[in-house]
Amino acid sequence: MTDHAPNEARVIPLRPGPAASGPPAPPATAPREPLWRHLVGDVLRRERQAQERTLKDVADAARISMPYLSEVERGRKEASSEVLAAAAGALGLGLGDLLARTHAELVRVTSRRSAVPARSVRNGSVRNGSAHDGLCLAA
């Protein structure tokens with residue numbers, strides 16, 4: 001027999017932890033940076049809706065499947081540059097236009113989260129502004 005009550009569960013830790021210190025404290029929750037795919041999807045959806053076009057219409061014009069375009073718009077798929085260019089083209093935008101709008105959305109969203117000014121390096125010292133005025137994507 002055991003010392004446990006019949007309806008009481010016994011917890012066996014998988015990793016040894018500090019003795020008698022209780023459960024670990026949850027990590028501090030800092031605001032998370034938005035994911036690029038969510039921002040791109042938001043921009044694509046807003047532009048499509050502004051043009052009063054259906055998902056099917058844009059997907060057909062872009063020659064991509066409607067379910068895939070829907071997943072891209074919802075930020076669930078990390079679309080290739082070819083797919084993004086096709087979707088943007090179907091909306092009358094160039095890929096650069098899509099990326100510029102997405103970058104503007106990123107700046108807007110992140111500036112709301114933080115009252116700390118952006119920093120940049122200028123002549124070896126830190127100044128207000130952006131360290132990188134352009135946008136760099138790597139595949």
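Q: Let's start with L98: which residues is L98 in contact with, leaving aside its neighbours within four places in sequence?
A: In this predicted model, L98 is in contact with V40, V43, L44, L84 and A88 once those sequence neighbours are set aside. Contact here means heavy atoms within 4.5 Å.

Q: Which residues touch the most other members in the largest nonpolar core?
A: L98 is one of them, along with V40, L44, L69 and L84, in a core of 23 residues. A nonpolar core is a set of buried Ala, Val, Leu, Ile, Met, Phe, Trp, Tyr and Cys residues joined through side-chain atoms within 4.5 Å. Buried means under 20% relative accessible area, exposed over 50%, and partly exposed in between, using a 1.4 Å probe and protein chains only.

Q: And which helices each supply at least two residues of this core?
A: α1, α2, α3, α4 and α5 each do. Helices (H or I, at least four residues) and strands (E, at least two) are DSSP runs, numbered from the N terminus.

Q: What should I know before reading numbers off it?
A: Residues are numbered from 1 along each chain as its sequence is written. Because the model is predicted, local features need pLDDT of at least 70 and side-chain atom pairs count only at pLDDT 80 or more, while totals for chains, interfaces and linings use all residues; side-chain values use heavy atoms, with hydrogens and water left out.

Q: How does the pLDDT come out for the protein chain?
A: The average is 79, and 63% of the residues score at least 70. pLDDT is the predictor's confidence in each residue, from 0 to 100.

Q: How should I treat low-scoring parts?
A: Where pLDDT is low, the predicted coordinates should not be read in detail.

Q: How many helices and strands are there in the protein chain?
A: There are five helices and two strands, and along the sequence they follow the pattern α-α-α-α-α-β-β.

Q: Back to α1. Which of the α1 residues are buried?
A: They are W36, L39, V40, G41, V43, L44, E47 and R48. These buried residues pack against α2, α3 (66-73), α4 (81-90) and α5 (95-113).

Q: What about E73, buried or exposed?
A: E73, found in helix α3, is buried, because its relative accessible area is 2%. Not counting residues up to four places away in sequence, E73 touches G41, D42, L44, R45, R48 and L55.

Q: Where do the buried residues of α4 fall, seen down its axis?
A: The buried ones are V83, L84, A87, A88 and A90. They fall within an arc of 160 degrees seen down the axis of α4, so they line one face of the helix. The arc is that of the directions from the helix axis to the C-beta atoms. What covers the buried residues of α4 includes α1, α2, α3 and α5.

Q: Now the loops. What is the phi of E52?
A: Phi of E52 is near 55 degrees, a positive value in a residue other than glycine. Most residues other than glycine have a negative phi. E52 sits in the loop between α1 and α2 and counts as exposed, at 74% relative accessibility.

Q: And what is the phi of R63?
A: R63 has a positive phi too, near 60 degrees. R63 lies in the loop between α2 and α3 and is exposed, with a relative accessible area of 77%.
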